[in-house]
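Please look at the sequence and structure first.

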Amino acid sequence: MYSDMEQHHRFTDSKCHMSDRRFRLVMLIGAAFIAASLSSCRESTQSTVPATGSESLEHASDAVATTLLPATAQPDSTRVRGEEDWFDDVTGSSGIVFTYRNGNDAGQFTILETVGGGIGMFDFDSDGLLDVFCVGGGTINPDTASPSGLTCRLYRNVGHCRFNEVTDHSHVPEGTDYSHGCVVGDVDNDGFPDMFVTCFGRSCLMLNCGDGTFIDQTSSAGLAVQSWSTAAAFGDLDGDGQADLYVTGYTDWTPQINKPCRQSPDQFADVCPPQHYSPVSDHLYLNLGDGRFRDIAEEIGVRRDGMGLGVLAADVNQDGQLDFFVANDVTANHLYLGSDGRSLTEAGEVSGVAYNESGSPEGSMGIDAEDIDGDGLSELWVTNFEMEDNSLLQNRGNGLFQHATAAFGLAGQSRVNVGFGTGLHDFDGDSWVDMYVVNGHVLYKRGIRPFRQPAFVFRNLKGRKFVDVTKSAGTWFGVTHAARGAAVGDLDGDGMLDLVVSSINEPTAILRNRLPATNWVRLQLVGRYSARIPVGARVTVKAFDRNCVRLVKSGSGYLSQSDSCIVIAVEAARTVVDVEVVWPTGTHETFAGLVTGTDHVIIEDSGTE
Amino acid sequence: MTASRNSRRSRSPGKAERRASRRWPRFAAVFAVLIIAPTVWWAMSNDTARVCRQASELLATDPNRAAAMLEQAVADAGGDAPDAQLLWTRALLAAGRPAEALGCFSLMSNPSAADPKKLLQLADAATSSGNLLLARFSLEAIPANSSDRPAVLHRLIALSQQTGNVGPVMAMARELLTLQPDNAESWLAVAQAEEQQMELHDAVRSYGEVLKRQRDPERRAFVLRTLVRLQVLLGEREAARSSFEELTTTTALELADRINEVLLLRLEGETEQAQQKIEEVLALSPDNMLARETHGTLAFNRGDNDTARRDFEAVVRDQPRNKQAHYKLAQVLLRLGHQDEAQKHFQENRRLTDISTHILKLQASTAVGTAEISRLHELAAAYAQLGQLETATRLRESARRLVPVDQ
């Protein structure tokens, strides 16, 4: 199998810190072995450095909000940790001491500072534990409104939800521009996840060298484009086994044209809305397989009228082709449906996902897709601006979607808030995907609701309705935040999904799922003919008397990367399950008799057809 | 000195007589000044008051004659008869001569000196005749420390709402609340101002304050109706349900209330009940297009495409510029396999959406003078394209009224 995987190694590693190819191969085999070594992999046996009390104090001091922001809402004094709470806020003990800075203290009221930042959750060192990458943000010059980037941070999981910062050791570049999002993909198919960080200015491709370090390959990859990039997603568009890259552009704002907006000359200043600016083009970079990318957005017909803030790569219409769904701010959302070859057809309007129920564009931000109602078809989910319901788009088959927000009991829920980070994940282990939505305004004073807003968790009642369980979600949910990106994954290896949330000028929060662990399987899909991370694949596990379908996707949520592994809850009594996979190549395979309660690496072309 | 004078008198009595005879004109002058002039003045002002009384009686039947009388009276008074001038302005208004009325009022050197009650009367007359600029001028002439200030504020707020100039409404409403903190109408003014400025949460709270003070069932019903609408808009299910329940105990439900109930049920996720209620509404009023569209939306959501198509087609026929009906019809046509027809309606939705976006941009912008007039005309044209002719007419009227200010 590894010799097959080696076929994908077309990137030169001459610039990496370990230049010995043989050593890298050994590392690769070792890493894959570790990943495949099932249950023991989730708790590292390496020596750990637990977070100290001083780190917690440092964390607390980091939490001081900038003077421009309204004071953080006080937590509900009656809100104490309950026995039924879904999440524990373990930020203080996690060792992750990070605050995304947006530079609003410059008082320039730039639209740049409204976007916020994301979180990357992936196993960068292939030790079987999910690590956390925090996008850095930046500062804004108080005189010129020019942004400067702050260093992103990488935290290595050392087990038990504790992390060590390894930013310097891993050579995460210090000189990135003002950064927003991150997405993880294996652009060289070497088995080590690489990362693309989106920025205002020059976004950054960080190649994972496999030795715990990254190298900036942006220029040599042909990605050194000056633009305002926000969200990104990897996916193999042309079926050559290489991960291509979709990057959304936002607006043509520059510091030179920055000015605050006022409702009237005597009123206070605030950020100008995106309607004051023009959209900038999205980019669709084709991976040429030799370390370089080529932008084919124009030739493939990517529309130029969107203000992208979210993008999702997955097969959303079950035709075996990779699709891209783009959430645009104040402009119509775009759905690019893939077909054979490298062509895409934009079908947002005709599929019913471009607008709200009344045919008007909304301010869309976060994005995700999963089968919510259990019919095997993937619904789409989008978070929107205030006074716009978040949109649940029910898949009716044949590429048609229908607004079902009201039908699923989500109408009005969170309507007054500005929705950003979101995701469809089974947090309570009943096999139905639940939902989280984190909110925060973009306006400091002019919004209907304050800058800091509550976050929500909705439980899926067997595919019929969502109910608001925020009151039981945990103490972090009892306080308002200016939240933006968030990522989901099983940080502590207990089979229950945890949550990491990035908020503007607030400490990044580590929320450990404390619901009792159910029975589960965790699946890491590895492509051989498909891309190494087979975005677009579909996984089906029969459990609880139904087919539980999950997507391998990239770019979901908001500016963030959740764990690409799939965790599916199964009945407590089950000891083994059968897993069906539809690979992006179109191949159907069954992997029978997988033991529950542990991890599995599912390798393409090693199951039964 | 006195002895000397006496001696002089005794020496030349003829001279004294002459002097005495010369004093007569002086006495006459003094007499005229002290007695006759006030009498004349009294007579004249009495005459002005008399003319005013006569003119008042003529206002309804012969306003032109009343205006002529008052013009003469003002001229006779040397232009210094504020009450007569106010009445003259009213007469001109009643005679259908609004420009002259505005001119007449603007000739007043100090309208603030006039009786506030009469200024209020003029404002009411100007408002009734559609001369809103004159109404505003006359209200603004009433001093801020007048005991009539609350009445002035109520009228100014109503005027601002009528002209769409909601900017100053909030400040006026808050002043009103300061003057009459326990008055339901003061809270109502604040609530409406907050609603207009899209401060919906504050508006809901202020409407709640109105309810605490308002006992009149009709006014309560009005407020409860507004609350249901706003709470549904904000997605506040429980609060909206509570307001709706109170509304049902306060008054008989109107058609709009029943449609709001359907929207509330949908918000609550009770789509089957919503379906049942909308059927009831349509049975009462089959031509209500909002109900028809809601019926179609519910049908579309449950996959009843034929019913949805019939409903949306009916709405589009009745309201060809209803963009969301076009969009919904396009979607249902797509499902039924009529792609070409669907595209036409998608296209119409896009066209109408572009106009709406343009309106939003125009509304967000501000201008002064002739630029403001152009902006209002552009807005009016955009609204006319959307088929909202009443709004378009109102905006054109507002633009027209701005002309005299610039000139």
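In strand 18 of chain A, A:H334, A:Y336 and A:G338 point one way, A:L335 and A:L337 point the other way, and all are buried. Buried means under 20% relative accessible area, exposed over 50% and partly exposed in between, with a 1.4 Å probe and protein chains only. In a regular strand the side chains alternate between the two faces of the sheet. Helices (H or I, at least four residues) and strands (E, at least two) are DSSP runs numbered from the N terminus.

This is a predicted model, in which local features need pLDDT of at least 70, side-chain atom pairs count only at pLDDT 80 or more, and totals for chains, interfaces and linings use all residues. Residues are numbered from 1 along each chain as its sequence is written, chains are lettered from A and ligands numbered from 1 in the order in which they are written, and side-chain values use heavy atoms, with hydrogens and water left out.

**Strand pairs in chain A**

Two strands pair if DSSP finds at least two bridges between them. Strand 18 of chain A has antiparallel partners in strand 17 (residues 323-328) and strand 19 (residues 344-346). A:Y336 stands opposite A:F324, while A:G338 has A:L344 of strand 19 as its bridge partner. In strand 33 of chain A, 5 of the 6 residues are buried.

| Hairpin in chain A | Residues between strands | Residue with positive phi |
|---|---|---|
| Strands 17 and 18 | 5 residues | A:V330, near 55° |
| Strands 18 and 19 | 5 residues | A:G341, about 85° |
| Strands 32 and 33 | 2 residues | A:F544, about 50° |

**The chains and their contact**

Chain A has 7 helices and 37 strands, and buried residues make up 65% of its 609 residues. Chain B has 21 helices and 0 strands, with 42% of its 407 residues buried. Contact means heavy atoms within 4.5 Å. The contact takes 30 residues from chain B and 30 residues from chain A. Together the chains bury about 2,400 Å², 48% of it on carbon and sulfur atoms. On the chain B side, B:H201, B:Y327 and B:R335 lose the most area to chain A, together 21% of what that side buries. Buried area is the accessible area (1.4 Å probe) that two parts lose on being put together, summed over both.

**Cavities and a pocket**

On a 1 Å grid over the protein atoms alone, a cavity is a set of points where a 1.4 Å probe fits but cannot get out; a pocket is an open set with protein on both sides within 12 Å along at least five of seven lines, and lining residues have an atom within 4 Å of a point. Grid points are joined across faces, edges and corners, and a volume is the space filled by probe spheres set on the points.

The structure holds 8 cavities of 30 Å³ or more. The second largest cavity has about 290 Å³ of space. Its lining has 24 residues, of which A:E370, A:H425, A:K553, A:D563 and A:C565 are closest to the centre. Strand 33 of chain A (546-551) is among the strands that each supply at least two residues of this lining.

The second largest pocket holds about 690 Å³ of space. Among its 27 lining residues, A:Q413, A:S414, A:P454, A:F456 and A:D468 lie nearest the centre. Helix 13 (residues 237-250) of chain B gives the most to this lining, with 3 residues.
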